[in-house]
Structure formats: C-alpha cells, structure tokens
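Please look over the sequence and the structure first.

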Amino acid sequence: MTKVRFGAAVLFALAGSGALASAQNGIGGEEALAAQAMRNFAICAADRSPGGARDLLVADRHARSYPEAVRRFARGHNDCASGATLRFGGILLRGGLAEGLLRAPLRDAGLASLVAHDPSRPAIAADNASDAMALCTVREAPAAVEALLAAEPGTAAEDVAAAALPSTMTACLTAGQQLQANRSGLRALLAISAFRLVEHNRVSGAR
C-alpha cells in the first residue's frame, strides 16, 4: 500500500555573518533515492492535477488550514508514489510541484525570459529573507537555476549546476546574514521562487 507521510526537517536557516554555507553540498545514497522519489511523485501529481498544484503554490501557507490542504492533496495522489512510502516536509512537496508546473513553460522558452523583471508590472512580495534571496537568485542566475531543476537529484549534473549558484546566492543575501541549507531544501526553495516569478509575470502580463 502506498503511503505518504510528512516529517519535520530543518531545511534551511538564516543567521548573521553574511555568507553561504552548506547549500552546495551534494547528496547521495538513500538521500538521493528519496529525493528522486519525491520529485517523481510531485511531478506526477502536478501532471494529474495542475489546478490543484497551482492552488497549493499560490495559497497562503501561513493559514491554519494550509497544512491539512497539503496533506489532502498528497494523499489524493497516493498512486503517484508507485507503492513507496514517502516521508517529507511540506516544502519538498511544494518544490516538486513547482518543478512539475514549470516543465510546460520551459519547453517553449528559457527561464530567463519567463522571469525577466518588467518595471511596468507590480513588484512581487517576499515572505521572508530566504524567499527574497531565492527570488533574487532566480532573476540573477536563471540559466543556472534552470540547469539545477533540469538535473536529477543526487546526480553529477545536479552537483555541477549547484556549484554555479553560491556566489549569486551570497550576493542576494541581506547584509549580515548567512544561509544554512541542505541541497533538497535549497532546490525546493528555488523551484518555488521560479514558479512564483513565472506565474507573476504571466498573470500580471495578462491584465
């Protein structure tokens, strides 16, 4: 029987010192297999229910009802887990859903053109310092972010793509802050920010 379980994990944290630490560290072994399974599950769910996936990504994640909405969506797509038991924090599911929803627009255009800043459009709000860093990184290094999201988790291709990002992420941090991140959490954060920027440009451009 397929099971989807949610676990709490510290994926990233901000502290004072003005540099990037740990985000470029690779993953391997069971962690890589788990990351691949999570990504496959989320992409399958996004393909089957793109409207529901989009609703989760644009919803207020601070709302009291949000955690249960995430659980409901995941359990409604148990068949996407192919009999595996998945355990993950909500940000990993949201990151995988973002990757799934980005696949269609990225087939037609590069991420750089999809997230380009247009001063005539309203500004996009960041929830916190880590969100601001991720939004900045996507806009400043879209090709590197696109390469990261195109790579399978835990592969040499992901290592190469991730190695191109630390200098940009450091430059995008607020002065006096340090990002402590694991690879899976960082990838999810960048995927969510890329989706938000693509969606922001699409919606504001359609008005």
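## Ground rules

Contact here means heavy atoms within 4.5 Å. By that rule, R139 touches V115, A116, H117, I124, L197 and N201, leaving aside residues up to four places away in sequence. The model is predicted.

## The chain as a whole

The chain has ten helices and five strands. It holds 207 residues, and buried residues make up 45% of them. The exposed surface comes to about 9800 Å². Carbon and sulfur atoms supply 53% of that area.

How much of the contact set links residues 24 or more positions apart? Among contacts with a separation of 6 or more, such pairs account for 86%.

## Helix α2 against α4

Helix α2 covers residues 50-58, and helix α4 covers residues 90-108. Their axes lie 10 Å apart, at an angle of about 130°. That angle makes α2 oblique to α4. The crossing of the two helices is left-handed.

From α2, the contact draws on P50, A53, R54, L56 and L57. From α4, it draws on R94, L97, A98 and L101. By class, the contact has seven nonpolar residues, no polar ones and two charged ones. Arg counts as charged, and R54 of α2 and R94 of α4 are both part of this contact.

## Helix α2 against α3

Helix α2 also packs with helix α3, residues 66-75; their axes come within 11 Å and cross at roughly 155°. Why is α2 called roughly antiparallel to α3? Angles over 145 degrees count as roughly antiparallel, and the crossing is at roughly 155°, so α2 is roughly antiparallel to α3. This crossing is left-handed.

G52, A53 and L56 form the α2 side of the contact. Y66, A69, V70 and F73 form the α3 side. The classes here are six nonpolar, one polar and no charged residues. Gly counts as polar, and G52 is part of the α2 side.

A53 and L56 take part in the contact with α3.

R139 sits in helix α6, residues 129-140. Is R139 buried or partly exposed? With a relative accessible area of 27%, R139 is partly exposed. L114 is 25 residues away in sequence, yet the C-alpha atoms of R139 and L114 are 9.6 Å apart.

A129 belongs to helix α6 as well. Its relative accessibility is 22%, so A129 counts as partly exposed. Q177 is 48 residues from A129 in sequence, with 8.9 Å between their C-alpha atoms.

H200 is in helix α10, residues 183-205. Residues under 20% relative accessible area count as buried. H200 has 16% relative accessibility, so H200 counts as buried. Its contacts are P122, A123 and I124, not counting residues up to four places away in sequence. I124 is also touched by R139.

Where does R121 lie? R121 is in the loop between α5 (111-115) and α6. Its relative accessible area is 25%, so R121 is partly exposed. R121 and V203 are 82 residues apart along the chain, and their C-alpha atoms are separated by 9.9 Å.

## Helix α8

D159 is placed in helix α8, residues 156-163. At 35% relative accessibility, D159 counts as partly exposed. L148 is eleven residues from D159 in sequence, and the C-alpha atoms of D159 and L148 are 8.3 Å apart.

Conventions: Residues are numbered from 1 along each chain as its sequence is written. This is a predicted model: local features need pLDDT of at least 70, side-chain atom pairs count only at pLDDT 80 or more; totals for chains, interfaces and linings use all residues. Side-chain values use heavy atoms; hydrogens and water are left out. Axes are lines fitted to C-alpha atoms, for helices over the stretch in contact, and angles run from 0 to 180 degrees between N-to-C directions. Helices (H or I, at least four residues) and strands (E, at least two) are DSSP runs, numbered from the N terminus. Angles under 35 degrees count as roughly parallel, over 145 as roughly antiparallel, 65 to 115 as roughly perpendicular and the rest as oblique. A crossing is left-handed if the near helix is turned anticlockwise from the far one by less than a right angle, and right-handed if clockwise. Buried means under 20% relative accessible area, exposed over 50%, partly exposed in between (1.4 Å probe, protein chains only). Accessible areas come from the Shrake-Rupley method with a 1.4 Å probe; for residues, only the protein chains shown count as cover.
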